[in-house]
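Please open the model in your viewer and keep the selection panel at hand.

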Amino acid sequence: MDTLKNLCIVTGTRADYGLLHFLIKSLYDSKDFLLKIVVTGAHLSKDHGFTYKEILKDGFKIDKKVFLNLREDSDYSIAQTTGEALIKFTKTFKDLKPDILVVLGDRFEMLSASIAALFIKIPIAHIHGGETSEGAYDEAIRHSITKMSWWHFVATEDYKKRVVQLGENSDRVYNVGGLGIES
């Protein structure tokens, strides 16, 4: 019998958890994978309603909480918190020992998790790469995560083309549609 793949999913907000919910459920119930869930960011914020409780209410175990101290929504604070997150995710992944890291989107927390995984040689599966967005950091962060990732799960053929244009191997880019459609 093959050994189980130890997958780790990082979620930082109610928005990404809403998109990841059905994937988490499928993996959580799977006999092929051992799923580890890491929560961070707004999930652990009183100001955002401690949304990690929704994950617990859905019947999932949270394997690690990565607390970040985003003091304000300034460029300096986001940069400082990104560095703090990199250190904390490195320790988290050392403890959890995932075979694969699954991240979604374009937030600074996912960038830090991806950098940590890249340096300690954990392959990354990126969901919703290839998309474009208006914003100070979003697109640059998303494309950076794409470049660090081994597998790419995109929502449209246009996004698949964009990921391939970024230099990624088309054999590892899958058009799976938008995860939000399940909701």
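Begin with the largest pocket, which holds about 480 Å³ of space. A pocket here is an open set of points on a 1 Å grid over the protein atoms alone, where a 1.4 Å probe fits, with protein on both sides within 12 Å along at least five of seven lines, and its lining residues have an atom within 4 Å of a point. Grid points are joined across faces, edges and corners, and the volume is the space filled by probe spheres set on the points.

The model is predicted, so local features need pLDDT of at least 70 and side-chain atom pairs count only at pLDDT 80 or more, while totals for chains, interfaces and linings use all residues. Residues are numbered from 1 along each chain as its sequence is written, and side-chain values use heavy atoms, with hydrogens and water left out.

Now select Ala42, Leu70, Arg107, Phe108 and Glu109, which lie nearest the centre of the largest pocket among its 22 lining residues. Two or more lining residues come from each of α3 (75-96), α4 (108-119) and α5 (138-148); helices (H or I, at least four residues) and strands (E, at least two) are DSSP runs, numbered from the N terminus. The lining of this largest pocket divides into 10 nonpolar, 6 polar and 6 charged residues, where Ala, Val, Leu, Ile, Met, Phe, Trp, Tyr, Cys and Pro count as nonpolar, Asp, Glu, Lys and Arg as charged, and the others, Gly among them, as polar.

Select His128 in the loop between β5 and α5: His128 counts as buried because its relative accessible area is 11%, buried being under 20%, exposed over 50% and partly exposed in between (1.4 Å probe, protein chains only). The side chains of His128 and Glu131 are joined by a polar contact of 2.5 Å.

Finally, select Lys97 in the loop between α3 and β4, which counts as exposed at 58% relative accessibility. The C-alpha atoms of Lys97 and Gln165 are separated by 32 Å.

Methods. A polar contact is a pair of N or O atoms within 3.5 Å; within protein, one must be able to donate a hydrogen and the other to accept it, and residues adjacent in sequence count only if both atoms are side-chain atoms.
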